[in-house]
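Here is a friendly tour of a protein model. Take a look at the sequence and the fold before reading on.

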Amino acid sequence: MRFYTGKLEGTQLLFAGFEKDPFLYRIEDYGMKFSDMTELVCTITDEQKDRLLNEREGKRAYALDEIQILPPIVRPRQDVVCLGINYSEHAKEASAFSKEAFTKDKPYTIYFSKRVSEAAGDKETIPSYKGLVDSLDYEAELGVVLGRDAKGVKAEDAEKFIFGYTIINDFSARNLQTRHKQWYLGKSLDKLTSIGPCIVTKDEIGNVADLGIRSYVNGELRQNSNTGFMIQTIGGAVEELSEGMTLLAGTLIATGTPAGVGMGFNPPKFLKTGDKVICEIDKIGRLENTIGE
């Protein structure tokens, strides 16, 4: 099952989508009311999911182009939890760009947070921050959405706490990221987190450790890898994080990006006004953004 946030005639609504069905259905037409996607993720029951799946007959169906698709989670409840340097080939290209900022000299996962005051969605324009940012970069990442509070969770049990998955483009201001050494500022400018186009429930994904992950800039394939190449697994990250902190339901975890980002080229291929970036993950879809002024 797929869950979307969208605008219809100026009203923000939640929609459900299904495999082999090209249409979306308003969740409120089933008599279900959730204030936003985070509340849905945290509270929807299996019985309600079954109703969405099995009671479509007679419900108004909407084509995707009838709806303005928004990021599924417009304002995350907390900062996004991010894994840094979580693909080995990306570790090499990042270190080559800036040894001081990106060299990983210990066998421990790098965690950092990303402030998202308001996420960008599919087809949305991303600001380039001229005068502040001279090296805007893209990072295609698998996003994990927790559906239950997680504390003291073992890796083998982590899937029980996961609601579903989405695509995240972790846009990064490299000059701010390297100048300040700690990555928070360079990752957290407004609209530098794109999420979408939807959240796909874990049952529809299947083996999350074998998903193709790609990015394109103006049609040029830049990143082309597989989630199976992650250094730290999703289960391992949930175990390590939840050992000492509670991960609240609705938490978003960005699992790291593979090689092929702009800073990895010689010379670097940073984004400029008018560039179109597409991030793509098998079984989830495509997330497209254009760089604005």
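Is F3 buried or exposed? With a relative accessibility of 0%, F3 counts as buried; here buried means under 20% relative accessible area, exposed over 50% and partly exposed in between, using a 1.4 Å probe and protein chains only.

## About the model

This is a predicted model, in which local features need pLDDT of at least 70 and side-chain atom pairs count only at pLDDT 80 or more, while totals for chains, interfaces and linings use all residues. Residues are numbered from 1 along each chain as its sequence is written, and side-chain values use heavy atoms, with hydrogens and water left out.

## Aromatic pairs

There are four aromatic pairs. Rings of Phe, Tyr and Trp (its six-membered ring) pair if their centres lie within 6.5 Å; planes under 30 degrees apart are stacked, over 60 edge-to-face and the rest tilted. One of the pairs is F3 with F163: the ring centres are 5.8 Å apart and the planes meet at 40 degrees, so the pair is tilted. This pair links distant parts of the chain, with F3 in strand β1 (residues 2–8) and F163 in strand β11 (residues 162–170), 160 residues apart. Helices (H or I, at least four residues) and strands (E, at least two) are DSSP runs, numbered from the N terminus. F163 is buried too, at 6% relative accessibility.

Another of the pairs is F112 with W183, whose ring centres are 5.1 Å apart with planes at 75 degrees, so the pair is edge-to-face. It also links distant parts of the chain: F112 lies in strand β7 (residues 110–114) and W183 in the loop between α5 (174–179) and α6 (184–187), 71 residues apart. F112 is buried at a relative accessible area of 10%, and W183 is buried at 10%.

## Charges over rings

The charged end of R56 sits over the ring of F18, 4.2 Å from its centre, and that of K59 sits over the ring of Y30, 4.8 Å from its centre. A charge sits over a ring if NZ of Lys or CZ of Arg is within 6 Å of the ring centre and within 35 degrees of the ring normal.

## Cysteines

How many disulfides does the structure hold? It holds zero, where a disulfide is a pair of cysteine sulfur atoms within 2.5 Å. The sulfur of C82 is 14 Å from the closest cysteine sulfur, in C279, which is too far for a bond. C198 is in no disulfide either, and its nearest cysteine sulfur, that of C279, is 14 Å away. C82 is buried at 1% relative accessibility, and C198 is buried at 0% relative accessible area.

## An open sheet

Five strands form an open sheet with mixed pairing, in the order β8-β18-β17-β14-β15. Two strands pair if DSSP finds at least two bridges between them. The edge strands, β8 (124–126) and β15 (220–226), each pair on one side only.

Strand β14 (residues 212–217) runs antiparallel to β15, and six bridges join them. S215 has Q223 in β15 as its bridge partner.

## Helix α8

Helix α8 (residues 234–242) is mostly covered, with seven of its nine residues buried. Among them are I234, A237, V238 and L241. The buried residues of α8 pack against β6 (80–84), β7, β10 (140–146), β11 and β16 (252–254), with contact meaning heavy atoms within 4.5 Å.
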